[in-house]
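Please look through the sequence and the 3D structure shown here before reading on.

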Amino acid sequence: MQRVGIVIGIRPEKIEEYKRMHTAVWPGVLAKISDCNMRNFSIFLREPENLLFGFFEYHGEDLAADNAKMAADPTTQQWWEVAMPCQKPLESRAEGEWWAPMQEVFFHS
């Protein structure tokens with residue numbers, strides 16, 4: 001199992017919309033997250049910095065392949081069309097990234 005942390009900004013004027021969206025995530029999106037071997041997926045909001053922190057446990061063998069499978073899913077693509085305008089990617093992210101990956105520096109179980 002691999003723990004994954006990701007971060008992105010959120011547009012201040014879109015915070016309430018983003019929160020509402022995530023109180024009723026589409027069943028097909030939730031199913032695809034599970035299908036792609038992601039468990040315990042959480043998104044946290046930090047205000048006033050307006051940052052979203054995502055965390056999940058990856059239980060598969062190939063995260064890149066499962067990310068590609070998720071990106072190819074039509075329902076997930078429709079969800080992203082609604083969610084992405086709320087988000088503000090970090091300027092420091094690498095080419096091709098939307099959410100920026102984070103390095104785990106501590107874990108205690």
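An axis here is a line fitted to C-alpha atoms, for helices over the stretch in contact, and angles between axes run from 0 to 180 degrees between N-to-C directions. Helices (H or I, at least four residues) and strands (E, at least two) are DSSP runs, numbered from the N terminus. The structure is a predicted model, in which local features need pLDDT of at least 70 and side-chain atom pairs count only at pLDDT 80 or more, whereas totals for chains, interfaces and linings use all residues. Residues are numbered from 1 along each chain as its sequence is written, and side-chain values use heavy atoms, with hydrogens and water left out.

**Helix packing**

- Two packed helices are described by the angle between their axes and the distance between the axes.
- Helix H2 (residues 27-35) and helix H4 (residues 74-83) have axes that come within 9 Å and cross at roughly 115 degrees.
- The contact (heavy atoms within 4.5 Å) is made by Gly 28, Val 29 and Lys 32 on the H2 side and by Thr 75, Thr 76 and Trp 79 on the H4 side.
- By class, this contact of H2 with H4 has two nonpolar, three polar and one charged residues, where Ala, Val, Leu, Ile, Met, Phe, Trp, Tyr, Cys and Pro count as nonpolar, Asp, Glu, Lys and Arg as charged, and the others, Gly among them, as polar.
- H2 passes H4 in a left-handed crossing, a label used if the near helix is turned anticlockwise from the far one by less than a right angle, while clockwise gives right-handed.

**The whole chain**

- The protein chain has four helices and five strands, and, read along the sequence, they follow the pattern β-α-α-β-β-α-α-β-β.
- The radius of gyration of the protein chain, taken over C-alpha atoms, is 14 Å, close to the 13 Å that the globule rule gives for 109 residues, so the chain is as compact as a globular protein of that length; the globule rule is 2.2 Å times the number of residues to the power 0.38.
- Along the principal axes, the C-alpha atoms of the protein chain fill a box of roughly 40 × 35 × 30 Å.
- Of the 109 residues in the protein chain, 30% are buried, where buried means under 20% relative accessible area, exposed over 50%, and partly exposed in between (1.4 Å probe, protein chains only).
- Among contacts between residues at least 6 apart in sequence, 72% join residues at least 24 apart.

**Strand S1 and its partners**

- Strand S1 (residues 2-10) is largely enclosed by the rest of the structure, because seven of its nine residues are buried.
- Two strands pair if DSSP finds at least two bridges between them, and eight bridges join S1 to strand S3 (residues 51-58), the two running antiparallel.
- S1 is also joined by three bridges to strand S5 (residues 100-102), again antiparallel, and by two bridges to strand S4 (residues 87-88), likewise antiparallel.
- Ile 6 has Gly 54 as its bridge partner in S3 and stands opposite Pro 101 in S5, whereas the bridge partner of Ile 10 in S4 is Gln 87.
- Val 7, found in strand S1, stands opposite Phe 53 in S3 and is buried, with a relative accessible area of 14%.
- Leaving aside residues up to four places away in sequence, Val 7 touches Leu 51, Leu 52, Leu 90, Trp 99, Ala 100 and Met 102.

**The S2 and S3 hairpin**

- Strand S2 (residues 38-46) pairs with S3 in the antiparallel sense over seven bridges, and Arg 46 stands opposite Leu 51 in S3.
- Four residues lie between the strands of this hairpin, in which Asn 50 takes a positive phi near 60 degrees.
- Pro 48 is found in the loop between S2 and S3, and a cis peptide bond, with omega about 10 degrees, joins Glu 47 and Pro 48.

**Backbone exceptions and a buried Asp**

- Most residues other than glycine have a negative phi, and most peptide bonds are trans.
- Asn 37, in the loop between H2 and S2, has a positive phi of about 65 degrees although it is not a glycine, and at 23% relative accessibility Asn 37 counts as partly exposed.
- Asn 40, found in strand S2, has a positive phi near 50 degrees and is exposed, with a relative accessible area of 51%.
- Asp 66 lies in helix H3 (residues 63-72), counts as buried at 9% relative accessibility, and touches Cys 36, Asn 37, Tyr 58 and Gly 60, not counting residues up to four places away in sequence.
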